[in-house]
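Thanks for coming. Please have a look at the sequence and the structure, and then I will go through a few places in them.

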Amino acid sequence: MSNSEWNDAEANVLPEKIEKMEERDEIPKDTKRKRIVVVGLGMVGISFIEKLMKFDVKRREYDVIVIGEEPHLAYNRVGLTSFFQHRQVENLYLNPASWYASMPEGSLSYHLNTLVTSIDTEMKTVETSKGDTVPYEILVLATGSDALLPKHTPGHDAKGVFVYRTIDDLQKLIEFAATKTGGVGAVVGGGLLGLEAAKAMMDLEQFKKVKLIERNRWVLSRQLDGDAGSMVVEQVTALGLDVLLSKRVGKISTDEGNNVTGVTFEDGEKMDCSCICFAIGIKARDEVARKSGIKCADRGGGIVINPDMSTSAPDVYAVGECASWENQTFGLIAPGIEMADILAFNLTQAKAHAPRSFKSPDLSTKLKLLGVEVASFGDFFADRDGPKDSPMKPHGAKKEGGRDSNDRVKGLTEGPPPSPVKALTYKDPFQQVYKKYLFTMDGKYLLGGMMIGDTKDYVKLVPMVRNRKALDVPPSEFILGASKGEDDGDDLEDDTQICSCHNVLKGDVTKAVKDGTCKSIGDVKSCTKAGTGCGGCMPLVQTIFNKTMSSMGQEVKNHLCPHFEYSRADLFNIIYVKKLQSFGEIMEQCGKDPTSLGCEACKPTVGSIIASLYNKHIMDEGRMGLQETNDRFLANIQRNGTFSVVPRVSGGEITANKLIVIGTVAKKYDLYCKITGGQRIDMFGAKKHDLPKIWQELIDGGMESGHAYAKSLRTVKSCVGTSWCRFGIGDSVGMAVRLEERYKSIRSPHKIKGGVSGCVRECAEAQNKDFGLIATEKGFNVFVGGNGGAKPRHSELLAKDVPPDDVVPILDRYLSFYIRTVDKLQRTARWIENLPGGIKYLREVILEDKLGIAADLEQQMEDLVGSFFCEWTEVLKSPEKMKLFSQFGNTDEEVETVELVEDRSQHRPAMWPKGVVTEDFKGKKWSSLSWQPLAKSEQFFDTPTGSSLAVKRGDTQLAIFKVKGQYYASQQMCPHRRAFVLSDGLIGDDGKTDKLWVSCPIHKRNYELKGADAGKCGNDENVSIATFPVEAREDGLVYVKLPPVEELDGVLGTEKYKVRKEETETHEFDAVDKKLKTMKGRKAIQASHLENGLGEEAKARKILSGGERGSQGIDW
């Protein structure tokens, strides 16, 4: 059996990992280290050492000394049978000698062929058979067990009696068998070890016949029922093994030289043989511990351990077959490996996670014995003994329905009650296949089972039992397989709405593509208007377009936009390799037209790539024109042209002081407050010119930008975990805070959300996040690729039981790989769905380093997180950036464009107007035009992306643009929703058609700025805008040719198009409110339930005025 089957999956690569870490000088050198002494270098001992080394290599908190009694390094005891073929001890070694030598200097040393004879728990030393005294700070006993030899049986000490346990036992058996060629070999014991021993004696080919003696009515009675065990007997008999059932050895017969000649059974029958190998069980090796005063079990033996592997002696632990847990010792390797894993974890990871505890172990077994596939899993005797516990209750919960005296009397008279489980059995005597699966009475949970002959489903069934999750298929499918239903086609039907802004159905898109109307994604947007609103549906629209084109045999080009003949991933790699840092450089080297301005599709994508690689300030000259309005002003634009403010609240954890700061700011600037789904506070209604003042106060109070405006990490949501919750097993808040602090400000192709739950109750909803962690007893399960939105997706498991120390490297790789390879505006959910090979391929890349880029991905993220800065702090330090936050470039006046409505004691903007403004502004004939100076030339930047400015004349708002040295002017209002925002839109062009347009930042209406079509909307024929001649003169001013003030205001005045509550507000909740008012216990939102209570407003006013605790206010 391979090393990886029994030892830690990273054991083989640990030397290479250490070598790389030493090259990068990443291993701590001058740490204070404790000495751990491990007694026993068996499979469990080496497992503990491997896991400890893996966890500790980044910490260097321990030095390990291991003392082994045998003259060999740790070897695979489960694979002893193979020794008869190769006779090479080194072939059984779990790790070669070079593995031990490759560990960090001083971290691991070993002593072989050395027996520990005593332990002094007060002085903390161990004595060895060689006279050495070895001090310890932590002692781990992994002394294993001895094979049982029935010393009460006459002849047990005869020549030719062996046990089957160690390499030394095998070598003695081989030497003896060579002297008894042609005799009969006997094995006593029909369990797992007995069948292994029988195979070993058959492989020796020295015996004429090998016979197996079993006291029960079938073999493997601890794993199989009578039917299954009898089928195994049939199969091994056919292979040449004689099986004697229901036989007990009473005496071993010998000759005058004390050589074995045969056995006499307890029933008087005799059998000739020349060699006997006992495989009847094991006894825990607890003699040194017992002699040293460490508590051991009286019945059955073993060193008594607590759930954390600790013993009665301080700093002494026991693991493996020598340990007694709840009066049980375990002869299987799996429980010992689990004990080793728990102890190594607790010694290294429990600072950031709840300590793990040993619980009822999984005794599932899958082996190939004498060529016969045998497996048992879960509660495989639940039908015989009753279920150990219910899968619908936590492990260890007491069984319900204890039997009272009446039940016991009834049992004596009417027999035992029926088993509370149902068995599904399949038996094929022709193919020698047997399967029995045990379910709860309702068939919703799999409890356990056993298999003979066909065990391929074992790996699927064991997790089902272990995870205790309800089944989503009927039990019959486990035997018969799933019925073949008809393919139901794609996930979405043609009548599914895919664009809510314009009520576009999936069928509208597929029909337009199939009839030839639309041959590009741009055509789809023009024809159906899908994606021309908020743009949130574009990834889905793109997918539908691609699939429809492919179904017609048409080539689908994944180009970014008409300006770049590259996909987003291709463009990222070009920019990364060539180290391009500006839009001008990128357009010159990668664009179809080197002089192009780009468009609303490629500019944000290029801006995102530059930010993901170099993390420069997005408001710097040359980068600001790439960003949407949200990024441009570091705040989310809302429907009335105001902005929202969201400070960072890492992991959802916030102090009372910061709450006071937020509350004070919100009250001062009359901001609407709401708790977000990501556990932070969103403040709405901030005016552009107030944003710097608001952030000045927040940052002064110890806060920083929450990047709610950016395509970046938003939040890492958390439950309270072990900080407070009695069910928590992981520090979810601590982990969430650390992850959010690490990845904050990182720009990505789309927003990223995370979550960390402290237990399987999943209160943080981590399984619908781009990355999510759920604490397990062994660490954290890492989930990826989940999201809500128009097409919700449950996340998929990337890695299981990840120790806290290893979470960050895995997420570093995952996020870096996502940023490198994803398409534009694609969430992680769609990315994984479209990734060739899906989650399986992602695991290979991230966990197994299939592409050999893991170190590069980690370094890329390390460089990126190392460049962090608070964007708002930098704005407040820059007078030039501060100037950009005025409402108008030519006056300090402030103008409201949407009336406010009081709603639930806060103010919000009036609802959207129901219709669009269809007036033909483009074709408006003015009585006269005259040049008016409205701005200064120095207020505009000469950048490849263009610059813009809002100005005011009379009651009319105008937008002025400078593009490639030329000026353009238009009205500021977008007629679609009467939003005064066009100066904040992205500018685009098309060199082939000589078109230039501005894209409204609210719903992406594209208005042309030059030529005969100036003022026309390219993607909505119902709306248009007025444009005006503009020029810059030598006096340094920019002039716009406008009609008289009264005439202009009569057509475009702000008051005329101000959104008023009388025209938009409805009373949709009137009926609901009537019901609420009649409900018992309801109160007004601001009121107090207490008699004479002040209520919200009066209480807050009293606190703020100092009346709560005297004239000086509250003494915090």
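Let me begin with Q432. Is this residue buried or exposed? Q432 has a relative accessible area of 18%, and buried means under 20%, so Q432 counts as buried. Bear in mind that this is a predicted model. Q432 sits in the loop that links β23, residues 421-428, to β24, residues 433-440. Its backbone deserves a remark too: the phi of Q432 is positive, about 55°, although Q432 is not a glycine.

R904 is not a glycine either, and its phi is positive, near 55°. You will find R904 in the loop between β37, residues 900-903, and β38, residues 906-909.

Next, a hairpin. Strands β49 and β50 form a hairpin with four residues between the strands. Within this hairpin, G1036 takes a positive phi near 85°. Strand β49 covers residues 1030-1032, and three bridges join it to β50 in an antiparallel arrangement. A1032 stands opposite V1038 of β50.

Which strand do six bridges join to β50? That is β39, residues 930-936, and it runs antiparallel to β50, residues 1037-1042. To find one of these pairs on the screen, take W931, whose bridge partner in β50 is K1041.

Now to helix α25, residues 804-821, where F817 lies. F817 is buried, with a relative accessible area of 5%. What does F817 touch, leaving out residues up to four places away in sequence? The list is W831, Y841, L842, V845, I846, L851, I853 and L857. Take V845 from that list: F817 and V845 are 28 residues apart along the chain, and their C-alpha atoms are separated by 8.8 Å.

Last, the nonpolar cores. The largest one has 66 residues, and the members that touch the most other members are I36, F48, I49 and L141. Which helix gives this core its largest share? Helix α10, residues 333-349, does, with nine residues. As for I49, if we set aside its neighbours within four places in sequence, its contacts are V38, L41, V64, V66 and L108.

Technical notes: Residues are numbered from 1 along each chain as its sequence is written. This is a predicted model: local features need pLDDT of at least 70, side-chain atom pairs count only at pLDDT 80 or more; totals for chains, interfaces and linings use all residues. Side-chain values use heavy atoms; hydrogens and water are left out. Two strands pair if DSSP finds at least two bridges between them. Helices (H or I, at least four residues) and strands (E, at least two) are DSSP runs, numbered from the N terminus. A nonpolar core is a set of buried Ala, Val, Leu, Ile, Met, Phe, Trp, Tyr and Cys residues joined through side-chain atoms within 4.5 Å. Buried means under 20% relative accessible area, exposed over 50%, partly exposed in between (1.4 Å probe, protein chains only). Contact means heavy atoms within 4.5 Å.
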